[in-house]
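The following note collects some remarks for a colleague who has the coordinates open. They are set out as numbered points, to be read alongside the structure.

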Amino acid sequence: MDLGLTCPRFLWSGGDAAIAGKFAAVARGADQAGLRSLWVMDHFFQIPNFGSVEDPMLEAYGALSYAAALTGRVSLGALVTGAVYRAPGLLIKQVSTLDALSGGRAVLGIGAGWYEPEARGLGLPFPPLAERFERLEETLQIARQMWSDQDGPYRGRHYSLERTLNAPQANPPILIGGSGEKKTLRLVAQYADACNFLHGADVRHKLGVLRAHCERLGRPYEDIEKTLHMRIPEGESVEQSVQRCAELAALGIDHVIVAVPDPAADSWLTHLAELAARISTMTPSGRDGSQTMGAERHV
């Protein structure tokens with residue numbers, strides 16, 4: 001089992017002037033602790049689960065590019081990009097640029113988007129849910145085309161690209177976030193290298209649904225990495241964190257992505273380094289111990 005870290009808050013003592021140094025400590029700390037992945041949220045306003053809407057929030061791909069310059073091993077992605085916030089061609093170029101500048105460590109984490117207040121606040125596109133999923137699927141198709149040797153046109157219901165040229169070329173893994181059974185998990189089976197659930201999801205049931213979609217589409221279920229995002233609360237011991245990860249491995253989770261109270265603090269980075277080492281030998285239920293989400297690119 002692998003361990004990742006997400007940095008969902010940029011509120012530290014010292015105010016906005018402290019953000020660059022503290023986030024640098026997070027990125028370097030994750031890299032040096034032997035973590036598999038580092039993530040930021042693709043939000044422009046802080047979301048209610050993590051603070052006040054007025055709290056500082058960095059744009060995801062600017063933050064990830066900064067992290068790329070400070071690290072050499074850890075994979076980098078947004079957990080997860082709102083597909084409707086950027087034109088697909090621009091988004092794929094952003095991720096391809098991150099991949100080039102990080103030496104092949106980018107991941108395209110993507111979903112339909114959900115936080116309407118930030119979209120309305122900043123004048124970003126936010127169509128109805130059904131259309132957001134249609135646009136998500138077209139974005140996935142465009143990504144697969146741009147990350148191939150095809151550079152011809154793309155014609156979809158919502159997007160039309162005259163030439164899908166992408167140089168420098170890239171082929172980052174795609175992670176789709178969400179647990180919707182009819183649409184999201186079908187898109188995972190059809191297009192993605194990994195899925196991501198939030199802690200509290202009925203993992204056993206959701207993975208059963210994903211397996212059924214894979215069987216229907218002729219996709220090997222084992223090709224998809226199963227990830228889950230959870231918080232580690234203040235006061236939790238390493239042993240307690242290990243036990244929680246073991247329970248998730250027993251359900252079939254390959255890669256746990258955690259949020260901690262202060263990811264820049266030395267004490268939490270020590271906690272994460274020990275946790276990563278302790279869970280590295282765990283083989284998730286139903287797996288052979290191999291990893292899929294670009295592991296050969298990042299290790």
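Predicted model: local features only at pLDDT ≥ 70, side-chain atom pairs only at ≥ 80, totals over all residues.

1. Asp42 belongs to the loop that runs between strand 2 and helix 2. Its side chain has a polar contact of 2.9 Å with the side chain of Arg86, and it also reaches the backbone nitrogen of Gly82 at 2.9 Å. Leaving aside residues up to four places away in sequence, the residues that Asp42 touches include Ala60, Ala78, Val80, Thr81, Tyr85 and Glu118.

2. Which residues of strand 3 are buried on each of its sides? On one side these are Ser75 and Gly77, and on the other Leu76 and Ala78, so that both faces of the strand, which comprises residues 75-78, are covered. In a regular strand the side chains alternate between the two faces of the sheet. Ala78, one of these buried residues, is also among the residues touched by Asp42.

3. The pairing of strand 3 can be followed to two partners. With strand 2 (residues 37-40) it pairs in the parallel sense over 4 bridges, and here Ser37 stands opposite Ser75. With strand 5 (residues 106-111) strand 3 also runs parallel, joined by 2 bridges, and in this case Gly77 has Val107 as its bridge partner. Strand 2, helix 2 (residues 60-70) and strand 3 together form a β-α-β unit that is right-handed.

4. For helix 3 (residues 88-101), the end C-alpha atoms lie 20 Å apart, which agrees with the 20 Å that its 14 residues should span at 1.5 Å a residue. Its buried residues are Pro88, Gly89, Leu91, Ile92, Val95, Ser96, Leu98 and Asp99. After helix 3 comes Gly103, and the phi of this glycine is positive, near 75°.

5. Strand 9 (residues 194-198) is largely enclosed by the rest of the structure, because 4 of its 5 residues are buried. Strand 9 pairs in the parallel sense with strand 8 (residues 174-177) over 3 bridges, and likewise in the parallel sense with strand 10 over 5 bridges. Cys195 takes part in both pairings, as the bridge partner of Ile176 and as that of Lys226 in strand 10.

6. Strand 8, helix 6 (residues 184-191) and strand 9 make up a right-handed β-α-β unit, and strand 9, helix 7 (residues 203-217) and strand 10 make up another that is right-handed.

7. Where do the buried residues of helix 8 lie around its axis? The residues concerned are Val238, Ser241, Val242, Arg244, Cys245, Leu248 and Ala249. They cover an arc of only 165° around the axis, which means that they lie on the same side of helix 8. Strand 10 (225-231), strand 11 (255-259) and helix 9 (266-279) are included in what covers them.

8. A last point concerns the length and the end of helix 8 (residues 238-251). Its 14 residues reach 20 Å from the first C-alpha to the last, close to the 20 Å expected at 1.5 Å a residue. Just after helix 8, Gly252 adopts a positive phi of about 115°.

Note on methods: Residues numbered from 1 in each chain as written. Heavy atoms only, no water. Buried < 20%, exposed > 50% of the residue type's maximum accessible area, 1.4 Å probe, protein only. Pairing = 2+ DSSP bridges. Right-handed = clockwise from strand over helix to strand, strands pointing away. Polar contact = N/O pair within 3.5 Å; in protein donor to acceptor, adjacent residues only side chain to side chain. Contact = heavy atoms within 4.5 Å. Expected span 1.5 Å × (residues − 1). Arc of directions from axis to C-beta.
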